[in-house]
Amino acid sequence: MLKAAVIRWAVPEDWDKLGELQARSYHDAYRKLLPHEFLNRVTAESRQSECRERLREPEHTGLLLVGHRAVGYISLRYPADARQMDGEVTALYLLREYWGRGLGQRLMAWGLERLREKGCALAGLWVLERNEGARRFYERQGFLADGARRVVTRGEEFVQLRYERMIVE
């Protein structure tokens, strides 16, 4: 684990580095799982325009920095209604060269703590059924498949599985 790594909320001025990070880490994660034609459309520029909009809402994306370099991020969704208690991890990515150093665990723990602070008792996420490495990672973090499935299109149709875990006892 890198002790010099810091996680902080992404701010609007991070749109360019977050967009670049999203594109690179997405390619790292999916280069053997998704069609190349689809991945070729995921560029820093395409992600940066989306990040400009997304970062207008504060406290939804945590940025992992090593030194001044953005190397990972986690995005969260809070309950739309105060009576609901479910939060969601909508994305968690690291650059490939930082895999296996405990940083994904740190990002997840940070994100779950933020969901807990917002009153969430349960955290969910969706993962590609074919992404066995990500599924093992989430299972080590205490997530279990709840049986829900959905089909997403990423150049082709793929099945995603929903995973959940309690975040308050």
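## A walk through the predicted chain

The protein chain exposes about 9,500 Å², and carbon and sulfur atoms supply 48% of that; accessible areas here come from the Shrake-Rupley method with a 1.4 Å probe, and for residues only the protein chains shown count as cover. Before going further, a word on the ground rules: this is a predicted model, where local features need pLDDT of at least 70 and side-chain atom pairs count only at pLDDT 80 or more, while totals for chains, interfaces and linings use all residues. Residues are numbered from 1 along each chain as its sequence is written, and side-chain values use heavy atoms, with hydrogens and water left out.

Let's start with the overall layout. The protein chain has 5 helices and 7 strands; these are DSSP runs, numbered from the N terminus, with helices being H or I of at least four residues and strands being E of at least two. Follow the sequence along and you get the pattern β-α-α-α-β-β-β-α-β-α-β-β. The radius of gyration of the protein chain is 15 Å, close to the 15 Å that the globule rule gives for 169 residues, so the chain is as compact as a globular protein of that length. That radius is taken over C-alpha atoms, and the globule rule is 2.2 Å times the number of residues to the power 0.38.

Now for the inside. Of the 169 residues in the protein chain, 46% are buried, where buried means under 20% relative accessible area, exposed means over 50% and partly exposed lies in between (1.4 Å probe, protein chains only). Among contacts with a separation of 6 or more, 66% come from residues 24 or more positions apart; a contact means heavy atoms within 4.5 Å.

The largest nonpolar core has 52 residues, and Met108, Leu115 and Tyr138 have the most contacts inside it. Such a core is a set of buried Ala, Val, Leu, Ile, Met, Phe, Trp, Tyr and Cys residues joined through side-chain atoms within 4.5 Å. Helix H4 (residues 103-117) gives the most to this core, with 6 residues. Take a look at tyrosine 138: leaving out residues up to four places away in sequence, this residue touches Leu92, Met108, Leu125, Val127, Phe143 and Tyr163.

Helix H4 is also the place of glutamine 105, which is partly exposed, with a relative accessible area of 43%. Not counting residues up to four places away in sequence, glutamine 105 touches Phe137 and Gln141. The C-alpha atoms of glutamine 105 and phenylalanine 137 are separated by 8.6 Å, although the two are 32 residues apart along the chain. Arginine 140 sits in helix H5, 35 residues from glutamine 105 in sequence and 9.1 Å from it in space, C-alpha to C-alpha. Arginine 140 is exposed, with a relative accessible area of 59%.

At 13% relative accessibility, asparagine 131 counts as buried. Leaving aside neighbours within four places in sequence, asparagine 131 is in contact with Tyr30 and Leu33.

Finally, hop back to alanine 4, in the segment before strand E1 (5-9). Alanine 4 is exposed, with a relative accessible area of 56%. Apart from neighbours within four places in sequence, alanine 4 is in contact with Leu65 and Gly67.
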